[in-house]
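I opened this notebook to keep track of what I looked up in one structure. The entries go from the whole chain down to single residues.

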Amino acid sequence: MTAAPTPAPLPGVDPPAGPDGERPRVVCRLCGRPLRDPEARLWGLGHGCRDKLALRTAPRRGPWDVEQEALPGL
């Protein structure tokens, strides 16, 4: 039997942990700080950056009514 060849790493993907067991460094995609929490590593964003993104919402509708012409044929 011959040993199966080792697959080449995908472009843009960090290599797996080395023989010393150290995990590859993962940084926040927004601010670049290192991520240490498993949940943050999964998201690719730190907790503070995820909170900042959660604050972004659609603008609220103003207190005025929009005047609109009637549809033709009604």
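What follows is my list of look-ups, in the order I made them.

**Entry 1: ground rules.** I noted that this is a predicted model, in which local features need pLDDT of at least 70 and side-chain atom pairs count only at pLDDT 80 or more, while totals for chains, interfaces and linings use all residues. Residues are numbered from 1 along each chain as its sequence is written, and side-chain values use heavy atoms, with hydrogens and water left out.

**Entry 2: the whole chain.** I looked up the secondary structure and found two helices and zero strands in the protein chain. Helices (H or I, at least four residues) and strands (E, at least two) are DSSP runs, numbered from the N terminus. The protein chain has 74 residues, and 12% of them count as buried. Buried means under 20% relative accessible area, exposed means over 50%, and partly exposed lies in between (1.4 Å probe, protein chains only).

I then looked up the surface. The protein chain exposes about 7,400 Å², of which carbon and sulfur atoms supply 59%. These areas come from the Shrake-Rupley method with a 1.4 Å probe; for residues, only the protein chains shown count as cover.

I also checked contacts, meaning heavy atoms within 4.5 Å. Among those between residues at least 6 apart in sequence, 0% join residues at least 24 apart.

**Entry 3: the core.** Which residues make up the largest nonpolar core? I found five: Cys28, Leu35, Ala40, Leu45 and Cys49. Such a core is a set of buried Ala, Val, Leu, Ile, Met, Phe, Trp, Tyr and Cys residues joined through side-chain atoms within 4.5 Å. Beyond its neighbours within four places in sequence, Leu45 is in contact with Cys28, Arg29, Leu30, Leu35, Ala40, Arg50 and Leu53.

**Entry 4: the salt bridge.** I counted one salt bridge, defined as a side-chain nitrogen of Lys or Arg within 4 Å of a carboxyl oxygen of Asp or Glu. The partners are Arg50 and Glu39, at 3.4 Å from N to O. Arg50 sits in helix 2 (residues 47–54) and Glu39 in helix 1 (residues 38–43), eleven residues apart, and the pair links distant parts of the chain. Side chains of opposite charge can pair when their charged atoms come close.

Is Arg50 buried or exposed? Arg50 is buried, at 18% relative accessible area, whereas Glu39 is partly exposed at 41%. Leaving aside neighbours within four places in sequence, Arg50 is in contact with Glu39, Ala40, Trp43 and Leu45.

**Entry 5: Asp37.** I placed Asp37 in the segment before helix 1. Asp37 is partly exposed, at 28% relative accessibility. From Asp37 to His47 I count ten residues in sequence and 9.1 Å in space, C-alpha to C-alpha.

**Entry 6: cysteines.** How many disulfides does a search of the whole structure find? The search finds zero, where a disulfide is a pair of cysteine sulfur atoms within 2.5 Å. For Cys28, the closest cysteine sulfur is in Cys49 at 3.6 Å, too far for a bond. For Cys31, the closest is in Cys28 at 3.7 Å, also too far for a bond. Cys28 is buried at 3%, and Cys31 is partly exposed at 41%.
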